[in-house]
Amino acid sequence: MLQLNAIRENKEAFINALKKRNLRADAIIENVLQLDENRKATQTQLDNTLADANKLSKEIGDLFKSGKAKEANDLKEKTATLKEVSKQLTDDLNSISTELQNALYLIPNIPHESVVVGKSEEENEEVFKEGTIPTLFEGALPHWELAKKYDIIDFELGVKIAGAGFPVYKGKGAKLQRALINYFLDKNTEAGYTEVQVPHLVNEASGYGTGQLPDKEGQMYYMPEDDLYLIPTAEVPVTNIFRDVILNEKEFPITYTAYTPCFRREAGSYGAHVRGLNRLHQFDKVEIVRVEHPDKSYQALNGMVEHVKDILRELKLPYRILRLCGGDLGFTSALTFDFEVFSTAQDRWLEISSVSNFETYQANRLKLRYKDENGKSQLAHTLNGSALALPRVLAGILENYQTEDGITIPEVLVPYCGFDIIN
RNA sequence: GGAGAAAUGGCAGAGUGGUCGAAUGCGGCAGUCUUGAAAACUGUUGAGGGUCACACCUCCGGGGGUUCGAAUCCCUCUUUCUCCGCCA
């Protein structure tokens, strides 16, 4: 959520920045500012009315104490109007505030200056590329065929138990998955991230805190009986650890990592690009989350990018990094780098990590603040990234590491797997 | 799931209708003392709205009510604890 004060002072800058998202925000911004004016005016009226009422109450109390019951009762009558007025003003204030809040929820974050205009993912900028794309033998297969051939992932069985998009991992497939989780967690904790295990279901307030609500509820599984949402990413529970928190400046940087399954409804997805592991309703991911001082957040973002690079180098997977254009940038993000692994057998790039700085956007919703050197509360910056998402990394490994004798295991994973080939 | 008790500032813990945004202790911060630190002493220390700054307003788990006036009384929800039941 954007900060009203900032909007008020830099209206034009906000409108211009939002153009990168192909959003014409003039009217929305104008409306928000107007609502805020109304809110303030109503608040002032209400405050004055309450001040009058408080004064009268005090007088009445004093009169009763000094035995002047008659004067007191006379005054009581005067409070009746004040009560009515304040009731009305309170109602007005509530409805204006709600309207303002809802309007603010609908404005996405301001893109960072380095973000380019663009309509869709086609216009994302490739900023880095590394690794060798392997030349595969004749008859190399996409991962869903490999999964069947070596009996390591059973998609049909998942359909029987739950539905499409809920695969069953078997044998060495399951073990490789577990190896990846442990490897990622180890890499992250070695880099200083503290491992946490968090709930996989969250309440509504948490959904609002990180920005999944109100506009993306269709993407989350919801349990009406208990009013809980299955997490679409560990970002939600982990970042919400810091909802309503005021940090001491000395506590920066805060760095957490968490492994969780992720649940996504993926309503509207279809076609060849969602085959196999490419798009699932349930998948595993290891996430890194940081809470940073505003002056340090971009440095931290770079650090996260370097960290993910390091992991992909160790896995020896060919990858590239994209800086998302305005049209593809997530609602709450100011700057996002996507990592994509090249899948040779599918001849396409697969997104396996997304690293973002949200600046104060989430912090404002979360009320995540810190005390600056003057003792004033300031909003912190939040960041997160996948390190890494499992299924497509798995797909990349299966496809790029296949040989005619089987699928070899990346060297760094062998100690975690306990085997070096799937055949 | 059933019965009972409770929810107050960073923490502990007073406060049962007006003088309470809230005693006291701990913690935090600043200072005195000290070569430095500790101890001791002194001061200071919740959040939000509003204002140029004051004033002023709101917040004692959430919501609603009674009253001129609510941390304090009533209703309701949530959470926590104890006991019972069930259970990985």
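Three strands, in the order β17-β18-β19, form an open sheet with antiparallel pairing. Strands β17 (402-403) and β19 (421-422) stand at the edges with a single partner strand each, so one side of each is left without a neighbour in the sheet. The antiparallel pairing of β17 with β18 (residues 406-408) runs over 2 bridges. Threonine 403 has glycine 406, in β18, as its bridge partner.

The structure is a predicted model, and its overall dimensions and composition are as follows. Chain A contains 13 helices and 19 strands. Its C-alpha trace spans about 100 × 45 × 45 Å along the principal axes. Of the 423 residues in chain A, 48% are buried. The chain exposes about 20,500 Å², and carbon and sulfur atoms supply 48% of this area. When contacts between residues at least 6 apart in sequence are considered, 73% join residues at least 24 apart.

Glutamate 71 is located in helix α4 and is partly exposed, with a relative accessible area of 40%. Between glutamate 71 and glycine 406 there are 335 positions of separation in sequence, and their C-alpha atoms are 97 Å apart in space. Glycine 406 is the residue already described as the partner of threonine 403.

A second open sheet has 8 strands, in the order β1-β11-β12-β13-β16-β10-β9-β4, and its pairing is mixed. Its edge strands are β1 (125-130) and β4 (194-195), each of which pairs on one side only. Within this sheet, β11 (residues 319-323) pairs with β12 in the antiparallel sense over 5 bridges, and isoleucine 321 stands opposite phenylalanine 339 of β12. On from β12 in the strand order comes β13. The pairing of β12 with β13 (residues 348-359) is antiparallel and has 9 bridges; here leucine 335 has asparagine 357 of β13 as its bridge partner. The hairpin of β12 and β13 has 4 residues between the strands, and in it aspartate 347 takes a positive phi near 55°. Strand β13 also pairs with β16 (residues 381-389), in the antiparallel sense and over 4 bridges. In that pairing, serine 356 has asparagine 384 of β16 as its bridge partner.

Strand β12 (residues 335-343) is largely enclosed by the rest of the structure, because 9 of its 9 residues are buried. In a regular strand, side chains alternate between the two faces of the sheet. In β12, Leu335, Phe337, Phe339, Val341 and Ser343 point one way, while Thr336, Asp338, Glu340 and Phe342 point the other way. Both sets are buried. The set with Thr336 includes Asp338 and Glu340, which count as charged residues.

Another buried position is found in a helix. Asparagine 188 lies in helix α7 (residues 171-190) and is buried, with a relative accessible area of 0%. Its side chain is joined to that of threonine 257 by a polar contact of 3.0 Å. Beyond its neighbours within four places in sequence, asparagine 188 is in contact with Tyr193, Thr257, Val286, Ile288, His307, Ile311 and Ala387.

By class, the surface near RNA strand B has 8 charged, 6 polar and 5 nonpolar residues. Helices α3 (26-65) and α4 (69-105) and strand β14 (369-371) each supply at least two residues of this surface. The greatest contribution is that of α3, with 11 residues.

A polar side-chain atom of arginine 39 lies 2.8 Å from a sugar or linking oxygen of RNA strand B. For asparagine 54, a polar side-chain atom is 3.0 Å from a phosphate oxygen of the RNA strand. Serine 57 approaches a base instead: one of its backbone N or O atoms lies 2.8 Å from a base nitrogen of RNA strand B.

Methods:
Residues numbered from 1 in each chain as written. Chains lettered and ligands numbered in written order. Predicted model: local features only at pLDDT ≥ 70, side-chain atom pairs only at ≥ 80, totals over all residues. Heavy atoms only, no water. Pairing = 2+ DSSP bridges. Polar contact = N/O pair within 3.5 Å; in protein donor to acceptor, adjacent residues only side chain to side chain. Buried < 20%, exposed > 50% of the residue type's maximum accessible area, 1.4 Å probe, protein only. Contact = heavy atoms within 4.5 Å. Areas by Shrake-Rupley, 256 points an atom, 1.4 Å probe, with all protein chains shown as cover.
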